[in-house]
Amino acid sequence: MRKAVVTSLVLLASIRPGLAEDCGEKLSRLMIEWLEPRAPATAMMTVETKGQPTTRNEFLHLDWDKYMVKTVEPAGGPWYLTLEGTTYQSSDGGQSWTKAYSFDHNDTRTKSDESVKQQASTIENAVCGEEDLGGVKHETIEADMTSTTNTVVHIHAKYWINPDNGFVTKATSRMTMEGFENFTIQEWTAAPDLTLPSPE
């Protein structure tokens, strides 16, 4: 899940100085900005995988290495809490936690950044526009790209950006490869007072 959230929200490409931005360059610049620490926020994430049941999870993002995932669908699924390289699991709705595994979170972030930089180098067919979302006019940017980090995956991503504050209110991505296709919807809400539970 975390890798999917990072891949969907972070891209990187160079911008030619002295020239007006085209749509692809604008997307690249925004993704560089979004790579920096973001304010606390929550998201409802819906994943539709071809041939599989649809899943929905609530994602609570406090910082890049502090976040929680609550399984919404299928009902009764586990929750996961990640804090600075340790992931805990709860099977009782967050009442108790068990350590699931640990990992090098700095190394993981570095590899994730490298992966999205590779994707950004393939950006094409970028289109900018405007759409109403929740009664607010949003800027939209969508583009195609290809991930080759582990295998070849073709991606079409779209972002809805509130022009008043730069907040990404919604993001979608369709990923396809041989024998696999899924479509992910992320619907984000700012949560300045967000806190995460203690696993102790």
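**Exercise 1. Find the residues with the most contacts inside the largest nonpolar core, and the elements that supply it.**

Solution. Start with the term: a nonpolar core is a set of buried Ala, Val, Leu, Ile, Met, Phe, Trp, Tyr and Cys residues joined through side-chain atoms within 4.5 Å. Buried means under 20% relative accessible area, exposed over 50%, and partly exposed in between, with a 1.4 Å probe and protein chains only. The largest such core has 16 residues, and Leu-27, Trp-34, Ile-141, Ile-155, Tyr-159, Ile-161 and Val-168 have the most contacts inside it. Next, look at the elements: helix H2 (23–35) and strands S8 (136–147), S9 (153–161) and S10 (168–177) each supply at least two residues of this core. Helices (H or I, at least four residues) and strands (E, at least two) are DSSP runs, numbered from the N terminus. Finally, another core of nine residues lies apart from it, with Met-68, Trp-97, Ala-191 and Leu-194 among them.

Keep in mind that this is a predicted model: local features need pLDDT of at least 70, side-chain atom pairs count only at pLDDT 80 or more, and totals for chains, interfaces and linings use all residues. Residues are numbered from 1 along each chain as its sequence is written, and side-chain values use heavy atoms, leaving out hydrogens and water.

**Exercise 2. Is Asn-162 buried or exposed, and what does it touch?**

Solution. First place Asn-162 in the loop between S9 and S10. With 14% relative accessibility, Asn-162 counts as buried. Contact means heavy atoms within 4.5 Å. Leaving aside neighbours within four places in sequence, Asn-162 is in contact with Val-136, His-138, Phe-167 and Thr-169.

**Exercise 3. Describe the backbone at Pro-74, Glu-84 and Asn-125.**

Solution. Begin with the peptide bond from Glu-73 to Pro-74, which is cis, with omega near 10°. Pro-74 sits in the loop between S3 and strand S4 (79–83). Glu-84, in the loop between S4 and strand S5 (86–90), has a phi near 50°, a positive value in a residue other than glycine. Asn-125 in strand S7 is not a glycine either, yet has a positive phi of about 60°. At 51% relative accessibility, Asn-125 counts as exposed.
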